Each structure stands twice: as structure tokens, then as C-alpha cells.
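Dear colleague,

Please find below the structure I am handing over to you, with its sequence. My findings follow directly after it.

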Amino acid sequence: MRITVLAGGIGGARFLRGLRHLLESRDDQSDITVVGNTGDDIWVHGLRVCPDLDTVMYTLGGGISEDRGWGREDETFAVKDELASYGVEPTWFGLGDKDIATHLIRTQSLSAGYSLTEVTEALCRHWQPRVRLLPMSDDRTETHVIVDSPDGAVAPDGTPLRVALHFQEWWIRHHALLPAHGFVVVGIDSAAPAPGVLEAIAEADVVLLPPSNPVVSIGTILQVPGIAEALRTTTAPVVGVSPIVGGAPVRGMADACLTAIGVDTSAAAVGAHYGARSSGGLIDAWLVDTADAEAVGEVEALGIRCRAVPAMMTDIEATADIAAACLDMASSLPLRP
Ligand code: FO1
């Protein structure tokens with residue numbers, strides 16, 4: 001089978017590790033193509049950092065810091081500290097010494113004219129994630145968050161001045177505690193899907209939406225012109241896994257993002273947000289945790305097949321079971337013409 005997964009950072013990467021484990025334990029030769037979010041990307045100290053691509057690459061390549069969920073294991077931050085001693089900003093960004101090697105290679109390759117797709121492919125030749133990792137686009141796109149100015153500045157009419165912060169500053173420096181009025185992905189309107197992305201969705205036997213952030217990870221991927229449409233029209237079943245369990249995000253700050261776009265922080269609300277493909281939405285089936293079993297009826301009423309299973313990725317076996325439930329649901333769905 002050809003499995004295509006739209007993935008963000010930590011949640012998506014951990015899901016992929018379980019999916020890969022499931023296929024290998026079944027000796028299943030299916031191949032996995034990952035469409036990775038690049039809206040989190042940022043220029044830091046002259047280096048191009050691609051957090052979600054690197055999180056997938058390191059997690060599946062065996063180099064991830066398990067306790068942080070991002071960056072390299074056994075990492076040091078000597079360069080970061082030295083930069084801070086110079087008083088060079090941003091001091092809030094955790095740039096690891098080993099991680100810098102990846103960013104140096106990427107930055108040099110990009111400035112030599114290679115595309116992000118080519119650079120990602122080259123880095124993956126080193127990391128061997130055993131999935132094909134594609135950026136959602138080779139064009140520069142950066143998620144910004146509209147907040148009231150952190151320094152309390154006011155506009156001439158006396159209302160709080162609204163500013164756009166880079167997502168990483170909002171996420172890392174402010175821990176997503178500044179209420180977000182909205183998200184703007186700079187450059188998205190003129191971004192093209194990276195080579196192979198639309199085909200990976202159109203020609204898939206199943207498309208999966210792992211429990212990544214539905215707003216700033218999967219939501220960003222879906223904003224690349226052409227990608228949401230590819231999801232609506234693929235003959236492959238589209239199955240998603242709720243990132244919200246018992247009314248709270250399992251990890252990260254998806255609740256702050258959902259509130260900003262007026263979506264309730266619940267498994268059913270996120271499923272409804274993606275919408276049923278039978279009525280113009282993006283998914284055919286939605287996996288919720290057993291803690292949200294009461295949501296199954298509500299989601300099914302939307303035209304989305306729904307099942308409640310243990311959906312906490314507590315370890316690789318539990319994650320493999322979630323992936324198995326996704327594939328099982330996909331196989332039980334009526335084939336699309
Ligand atoms: N997340 C943090 O909470 N603090 C950091 O200092 C930090 C640094 C960092 C460096 C490289 C990288 O690839 C990821 C990093 N992240 C950090 C995680 C990152 O902000 C998020 O993983 C994604 O952007 C959201 O999924």
C-alpha cells in the first residue's frame with residue numbers, strides 16, 4: 001500500500017514511528033510518504049531551521065531528544081550560550097550544537113540553489129528515516145501569530161496595538177500564553193506544493209492525519225494552494241486521529257490555537273473542523289480516545305465514521321495499535337469512485 005501522512009512536529013513524528021513499527025512488525029512492504037509542515041520554519045542567526053521536518057527526521061532516524069521531543073539527544077548549547085554572551089538575539093531560541101550541523105548543511109545547500117525538497121532528501125540519506133519526507137512546499141512560508149503587543153503598546157485609538165509575532169517566538173518565548181487573535185502564514189498564497197506532494201495524496205491508498213496540531217501544523221499544510229483540494233478529491237480514504245483527549249491537548253498548546261480560530265478544544269469539535277468529505281470536508285473517519293467515547297455519535301452524525309480506541313501514544317506499541325486502528329478503519333470505508 002501507499003500511505004501518505006500529513007505531519008507536523010512531535011505528535012506527528014511519534015505517530016509515524018508507531019506506524020512504521022506496525023508495518024515492520026507485519027512485514028508489510030507498504031511505503032510511507034510524509035508531507036511535512038514548513039510553516040514553523042525560521043531564520044535564526046543566519047541559519048534556516050525547519051523544526052517539523054527535523055523532528056520527523058530525527059525521531060524516525062533515531063537522533064531525537066526523547067524528553068524534549070525536538071532537537072538532538074545528548075545535546076549541548078555552547079554556541080547558543082556564547083551568542084547570548086554577545087547579547088545577540090534571539091536568546092530564547094534553543095539552538096543546539098549538534099542541531100547546528102543540520103542547519104549549516106541546509107543553509108549552505110539552499111544558498112547553493114538546491115530546493116528544500118532536495119536538501120531534505122540529502123539530509124534523510126544520512127538519517128535513514130525509512131519514510132519519504134517531503135516539505136509541503138519549497139517556497140518560503142512562515143506562520144505568524146496576531147497578538148496584542150507584548151510591550152503593552154496601544155494604537156492611536158487607545159486599543160491595544162496588534163502585532164504579528166513569528167510562531168516560534170509566540171510558542172517558545174511566550175509559551176503561547178499571549179492570546180492569539182489569529183494566524184497568518186506569510187507567503188502561503190504564492191506557495192506551490194513541493195514536487196510529489198499532490199501525487200502522494202492523489203495516488204495514495206490511504207491518507208492519514210496524525211494527532212498533530214490541527215491549526216498550525218496540519219492546518220498550515222492544508223493552506224498550501226492545491227493540497228486541501230487534493231485531499232477532497234483523492235480516491236484514498238482519509239483517516240484522522242484526534243489530538244485532543246478529554247477536552248485537552250495531549251501535548252503542546254493546541255488548545256490556544258483552537259481557541260484563536262473559534263474551535264472548541266474537544267475531539268468532536270476538531271473532527272467537525274476537518275469536516276466530512278461527503279459534505280465537502282477533508283476526512284472520512286475520525287479516531288478518538290476512549291475518554292471521548294461519548295463523542296462518537298456526534299461525529300458519526302456529521303457523516304464521519306468514528307471509533308473510540310486507546311489513542312494515547314504512551315509507547316511505540318500503543319502507537320502501533322493506534323496506527324493499526326487507522327488502517328483498519330480505512331479498509332472498512334466504502335471505496336470512493
Ligand atoms: N521548542 C521549545 O519549546 N523551545 C526551544 O527552545 C525550541 C528550539 C528548537 C530548535 C530547533 C527545532 O527544530 C525545534 C525547536 N523547538 C523548541 C520546537 C519547536 O518550536 C516546535 O517543535 C515546532 O515548531 C512546533 O511543532
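Histidine 175 lies in the loop between α6 and β8 (180-186). In this predicted model, its phi is near 50°, a positive value in a residue other than glycine. With a relative accessible area of 48%, histidine 175 is partly exposed, because that value falls between the 20% and 50% cut-offs. Arginine 130 is placed in the loop between α5 (116-127) and β5 (132-135). The backbone also holds a cis peptide bond, from glutamate 89 to proline 90, with omega near 0°. Proline 90 belongs to the loop between α3 (78-85) and α4. As background, most residues other than glycine have a negative phi, and most peptide bonds are trans.

Arginine 106 is part of helix α4. It counts as buried because its relative accessibility is 1%, and the cut-off is 20%. Its side chain makes a polar contact of 2.3 Å with the side chain of aspartate 54. Leaving out residues up to four places away in sequence, arginine 106 touches Arg48, Val49, Cys50, Asp54, Leu116, Val119 and Leu123.

Aspartate 40 sits in the loop between β2 (31-36) and β3 (42-44). Its relative accessible area is 5%, so aspartate 40 is buried. The side chain of aspartate 40 is in polar contact with that of asparagine 37, at 3.3 Å. Beyond four places in sequence, the residues that aspartate 40 touches are Pro51, Asp52, His166, Phe167, Gln168 and Val216. Aspartate 40 and glutamate 142 are 102 residues apart in sequence, while their C-alpha atoms are 6.0 Å apart in space.

Turning to the nonpolar cores, the largest has 53 residues, and those with the most contacts inside it are Leu6, Trp170, Ile227, Leu231 and Tyr274. Helix α11 (residues 267-274) gives the most to this core, namely 5 residues. Tyrosine 274 is in contact with Leu209, Pro214, Ile218, Leu222, Gly281, Leu282, Ile283 and Trp286, when its neighbours within four places in sequence are set aside. Another core, of 42 residues, lies apart from the largest one and includes Val34, Val56, Tyr58 and Val309. In soluble globular proteins, nonpolar side chains tend to be buried together.

The largest pocket holds about 940 Å³ of space. It is lined by 41 residues, of which Gly9, Ile10, Trp70, Trp171 and Arg251 are the closest to its centre. The most comes from α2, with 5 residues. By type, the lining of the largest pocket divides into 20 nonpolar, 14 polar and 7 charged residues.

The second largest pocket holds about 200 Å³ of space. Among its 15 lining residues, Asp284, Gly303, Leu333, Pro334 and Arg336 are the closest to the centre. The lining of the second largest pocket comprises 8 nonpolar, 3 polar and 4 charged residues.

With kind regards

Key. Residues numbered from 1 in each chain as written. Predicted model: local features only at pLDDT ≥ 70, side-chain atom pairs only at ≥ 80, totals over all residues. Heavy atoms only, no water. Core = buried A, V, L, I, M, F, W, Y, C linked by side-chain atoms within 4.5 Å. Buried < 20%, exposed > 50% of the residue type's maximum accessible area, 1.4 Å probe, protein only. Helix = DSSP H or I, 4+ residues; strand = E, 2+ residues; numbered from the N terminus. Contact = heavy atoms within 4.5 Å. 1 Å grid on protein atoms, 1.4 Å probe; cavity = no way out; pocket = protein on both sides within 12 Å on 5 of 7 lines; lining within 4 Å. Points joined across faces, edges and corners; volume = space filled by probe spheres on them. Nonpolar A, V, L, I, M, F, W, Y, C, P; charged D, E, K, R; others polar. Polar contact = N/O pair within 3.5 Å; in protein donor to acceptor, adjacent residues only side chain to side chain.
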